[in-house]
Amino acid sequence: MYALLFRLVLARLDPEFAHHAGMVVVRILGVPPFSWIARALTRPDPAEQVQALGVTFPTPFGIAAGFDKNAVGVRGLSALGFGHVEVGTITAIPQPGNPKPRLFRLIPDRAVVNRMGFNNEGAEAAEKRLWRLRRRRPSAVIGVNIGKSRVVAVEDATADYVASAARLAPLADYLAINVSSPNTPGLRGLQAVETLAPLLRAVKDEAGSTPLLVKIAPDLPDDEITAIANLAVAEGLSGLIATNTTISREGLVTDPAKVAAAGEGGLSGAPLKERSLAVLRIVRAAVPEGFCVISVGGVETGAEVRERLDAGATLVQGYTGFLYRGPFWARQIAKGLRRG
């Protein structure tokens, strides 16, 4: 049913408009009685629970940052069966993001190119929404992903991240530092170990008891990935998220003219699968057994999620698959995990 709807209707709509329309549906599904119906269809098996980061995740599969940038759809996404929702990326200063169009489908590759540019309403607005959510005791675990405000110079990035952490860490089950988006100028340079170390240290001090993770790019050389993983352990972080979107366009089957027309930005979806899995294995080999590793990139089926778990992922996230699989994607994943 959803595949037909996507082919005949959604694929013909502007991708960003379609996403916002989908978020309206997600928000409706977070309100009774719609949430009761959704939960009845997606209720996870208690055997799927995962203990990590000091909390219980109802399932190992969650929605990655970028889908719910402003913490408006957490209840609906939880009702749809996602075990955790990573909201954001949120910046200390509200920002509109990059000029439109900035989101493009590569349908033959089951992929998306985005150069959204951290469009969000800012940490203060997110803080208010998260307070309201906490009062209602959401069933999903809430991660908060923070990034650098575009108007802030790279050399002032640490103070900018700390400002977001001060507002949001007390309301998060875990806090994730995004230094790996390709859509904010200079951001990926913060992944250099000598730059990243003081940033992690400062944000960790501000985050207090809230578990802190760092999200890395798939385009780093293997030795740099190992170095960042070692740094995260040495600085006392609770985990690492691997990976963000890629700037690579290798191996795509979409018409090259259409790929070129999409332009710059991060590629997500099926083409990222192999590299994301490889990075997971590199990270897992470098960190202690109890260190949380969240794998994201290219997963679409229960079998693919199981492959990540078997490769050492503590938790797995998805995003682009929602576009191609529809609102009951998490339910499909759960069924695939049970069969596996």
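This is a predicted model: local features need pLDDT of at least 70, side-chain atom pairs count only at pLDDT 80 or more; totals for chains, interfaces and linings use all residues.
Reader: How many aromatic pairs does the structure hold?
Author: Eight. Take F67 and F322 as one example. Their ring centres are 4.6 Å apart, with the planes at 50°. An angle under 30 degrees would count as stacked and one over 60 as edge-to-face, so this pair is tilted.

Reader: Where in the chain do F67 and F322 sit?
Author: They are 255 residues apart, so to speak, in distant parts of the chain. F67 is in the loop between β3 and α4. F322 belongs to helix α12, residues 320-325.

Reader: Are those two buried or exposed?
Author: F67 and F322 are both buried.

Reader: Which residues form the aromatic cluster?
Author: F61, F67, F82, Y319, F322 and W329.

Reader: New topic. What volume does the second largest pocket have?
Author: About 340 Å³. It is lined by 19 residues, and H19, H20, M23, K69 and N70 are the closest to its centre.

Reader: Which element gives the largest share of that lining?
Author: Helix α2, residues 15-29, with six residues.

Reader: And what classes are in the lining?
Author: Seven residues are nonpolar, six polar and six charged.

Reader: Now the open sheet. What is the strand order?
Author: β5-β6-β11, with antiparallel pairing. β5 and β11 each have a single partner strand, so one side of each lacks a neighbour in the sheet. From one strand to the next, the twist averages 25°.

Reader: How many bridges join β6 and β11?
Author: Four. V113, for one, has L267 in β11 as its bridge partner.

Definitions and conventions: Residues are numbered from 1 along each chain as its sequence is written. Side-chain values use heavy atoms; hydrogens and water are left out. Rings of Phe, Tyr and Trp (its six-membered ring) pair if their centres lie within 6.5 Å; planes under 30 degrees apart count as stacked, over 60 as edge-to-face and the rest as tilted. Helices (H or I, at least four residues) and strands (E, at least two) are DSSP runs, numbered from the N terminus. Buried means under 20% relative accessible area, exposed over 50%, partly exposed in between (1.4 Å probe, protein chains only). On a 1 Å grid over the protein atoms alone, a cavity is a set of points where a 1.4 Å probe fits but cannot get out, and a pocket is an open set with protein on both sides within 12 Å along at least five of seven lines; lining residues have an atom within 4 Å of a point. Grid points are joined across faces, edges and corners, and a volume is the space filled by probe spheres set on the points. Ala, Val, Leu, Ile, Met, Phe, Trp, Tyr, Cys and Pro count as nonpolar, Asp, Glu, Lys and Arg as charged, and the others, Gly among them, as polar. Two strands pair if DSSP finds at least two bridges between them. Axes are lines fitted to C-alpha atoms, for helices over the stretch in contact, and angles run from 0 to 180 degrees between N-to-C directions.
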